[in-house]
Amino acid sequence: IEGVRIAVDDPAEPVLSALGEWSSYDESPSCAFEGLDKIYGYGSFEIQTYTEGGKDYIRAIYLIDDGCRTQRDIAIGDTAEAVKEAYGAPTHESASSLQYAGEGMTLTFLLRDGIVTNIQYLKDVA
């Protein structure tokens, strides 16, 4: 995103530093990790972090409008069929989402009437 590689479980500090000033910020006590869950807003996308061992790591990446695309060129507004062409058969499919399991994370395309409305990369939590 914006020339910066962002991946689930990467250290957050270098990513946040490379992206520069965020447009919104929110935090809350974490239910799954130590410390705070923090959400940094950058307009077309948001990054959520978690704390482990006193350091923050990327927990989730949310693409919230068509200003960002996935590595396989999918964006908000694309069809479910386009997602399947780009990513293949989903791990889980329903009328409202297509999910693809990865190594320690899940990529989810939320759908309304067969159109992508939100894209989420989310760390799997046991």
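Modeller: On a 1 Å grid over the protein atoms alone, a pocket is an open set of points with protein on both sides within 12 Å along at least five of seven lines, whereas a cavity is a set of points where a 1.4 Å probe fits but cannot get out; lining residues have an atom within 4 Å of a point. Grid points are joined across faces, edges and corners, and a volume is the space filled by probe spheres set on the points. This is a predicted model, in which local features need pLDDT of at least 70 and side-chain atom pairs count only at pLDDT 80 or more, while totals for chains, interfaces and linings use all residues. Residues are numbered from 1 along each chain as its sequence is written, and side-chain values use heavy atoms, with hydrogens and water left out.

Biologist: How much space lies in the largest pocket, and which residues lie nearest its centre?

Modeller: The volume of the largest pocket comes to about 550 Å³. Its lining consists of 19 residues, and those nearest the centre are Ile6, Ala7, Gln71, Met105 and Tyr121. At least two lining residues come from each of β4, β6 (97–101) and β7 (105–112), where a strand is a DSSP run of E with at least two residues, a helix is a run of H or I with at least four, and both are numbered from the N terminus.

Biologist: What makes Cys31 count as exposed, and what makes Cys68 count as buried?

Modeller: The classes rest on relative accessible area, computed with a 1.4 Å probe on protein chains only: buried means under 20%, exposed over 50%, and partly exposed in between. Cys31 has a relative accessibility of 85% and therefore counts as exposed, while Cys68, at 7%, is therefore buried.

Biologist: How many disulfides does the rule give?

Modeller: A disulfide is a pair of cysteine sulfur atoms within 2.5 Å, and by this rule the count is 0.

Biologist: How do you know where the buried residues of α1 lie around the helix?

Modeller: In α1, residues 12–19, the buried residues are Ala12, Val15, Leu16 and Leu19. Viewed down the axis, they fall within an arc of 95°, so they line one face of the helix; the arc is that of the directions from the helix axis to the C-beta atoms. The buried residues of α1 pack against β2 (34–41), β3 (45–52) and β4 (55–63), contact being heavy atoms within 4.5 Å.

Biologist: Why are the buried residues of α2 placed together?

Modeller: Ala80, Val83 and Tyr87 are the buried residues of α2. Their arc around the axis is only 55°, and therefore they are on the same side of α2. On the other side, Glu81 and Glu85 are exposed, whereas the buried residues pack against β6, β7 and β8 (115–123).

Biologist: What makes β1 and β2 a pair of strands?

Modeller: Two strands pair if DSSP finds at least two bridges between them. Strand β1, residues 24–29, is joined to β2 by 6 bridges and the two run antiparallel, so the pair meets the rule. Ser24 has Gly41 in β2 as its bridge partner, and a hairpin leads from β1 to β2 through 4 residues.

Biologist: How many bridges join β2 to β3, and how many join β6 to β7?

Modeller: Between β2 and β3, which run antiparallel, there are 5 bridges, with Tyr40 opposite Ile47 in β3. Antiparallel β6 and β7 are also joined by 5 bridges, and there Leu98 has Phe109 in β7 as its partner.
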